[in-house]
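Dear colleague,

Please find below the structure I am handing over to you, with its sequence. My notes on it follow directly after.

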Amino acid sequence: MTVDKDFNFELDLHCNKCDHTETVLVRERDYDAWSGNGVFIQEAFYYLSSDQRELMISNTCGVCWNKIYAHEMFDNRTVHDAMIDRSNEPSIERNELDHVFADKHNIDIKGDWLLRVQSNPFFKAKEKYGFDISSSVYLSKRQIKTIQEKADSGLTMIHFWLNWGDQMRFDTLALETNSVYSVQSRLLSRCMECGETFAKTLKDGGYLPYDDAEDDDVWIINVSKFNNLKVEV
Ligand SMILES: [Zn+2]
């Protein structure tokens, strides 16, 4: 990275799973562009690593992200055995945050679910998309694919845990939020195809079919609408 006096905005990144912390220096205008003006995180912070960007969004470091799911990604036999044995033990290795989450929200730790944490509000959700800040999730196609690869099956429940304190930016107040919204893995991509009421692309605010999206395309998803998704029997 070239030395630039503009890189003077300190961000403290913290992994909730292993307590890894690091401080990165970014330009404040990049932070504003990302958190308030809908610029892709990978465009705003192109100079950070993808692990650092993930840490910023979900408070999960690359090491923990890989640790949680690696055995499923690289060993088909493990996946197969895990599916057979699912009634006895979870196929997903649970970490401390998973346990805290399950305790707080009364969710069975042995259940077939994956956790996705968002610790930063998307301040412009209301203004730009008409969505409540407290139920707006941002997710790239690559992240959706990763989640689906990690799910045992289409029935695996994906829990989105939106968790942050009161904060204010851009004259917009984001109230303290501690909410969980859940969707079956097989329905996650479908909610991207439901158009106006569910999700909007971050890039241009318009409707972008999931199939047409690039890996880097990002959606703002109105997760409060998950319950409206029809489940096929
Ligand atoms: Zn970690």
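**Strand pairing and the open sheet**

Val117 has Trp161 in strand 5 as its bridge partner. The model is a predicted one, so local features are reported only at pLDDT of at least 70 and side-chain atom pairs only at pLDDT 80 or more, while totals for chains, interfaces and linings use all residues. Residue numbers start from 1 along each chain as its sequence is written.

Helices (H or I, at least four residues) and strands (E, at least two) are DSSP runs numbered from the N terminus. Two strands are said to pair if DSSP finds at least two bridges between them. On that basis, strand 3 and strand 5 (residues 157–164) pair in the parallel sense over six bridges. Arg116 is bridged to Phe160 of strand 5. Strand 5 also runs antiparallel to strand 8, to which eight bridges join it; here Asn163 stands opposite Asn178 in strand 8.

Together these strands form an open sheet of three with the order 3-5-8 and mixed pairing. Its edges are strand 3 (113–118) and strand 8 (177–184), each of which pairs on one side only. From one strand to the next, the twist averages 20 degrees (axes are lines fitted to C-alpha atoms, for helices over the stretch in contact, and angles run from 0 to 180 degrees between N-to-C directions).

**Nonpolar cores**

A nonpolar core is a set of buried Ala, Val, Leu, Ile, Met, Phe, Trp, Tyr and Cys residues joined through C-beta atoms within 7 Å. A residue is buried if 20 or more other C-beta atoms lie within 10 Å of its own, exposed if 12 or fewer, and partly exposed in between, with C-beta atoms placed from the backbone.

The largest core has 27 residues, and those touching the most other members include Tyr138, Cys191, Trp219 and Ile221. Among the elements that each supply at least two residues of this core are strand 3, strand 5, helix 9 (185–191) and strand 10 (218–222). A second, separate core of six residues includes Trp34, Ile41, Phe45 and Leu48.

**Positive phi values**

Most residues other than glycine have a negative phi. Asp19, in the loop between strand 1 (9–14) and strand 2 (21–26), has a positive phi near 70 degrees. Asp19 is exposed, with 9 other C-beta atoms within 10 Å. Asn106 lies in the loop between helix 6 (96–104) and strand 3, and its phi is positive at about 55 degrees. Asn106 also counts as exposed, with 7 C-beta neighbours inside 10 Å.

Yours sincerely
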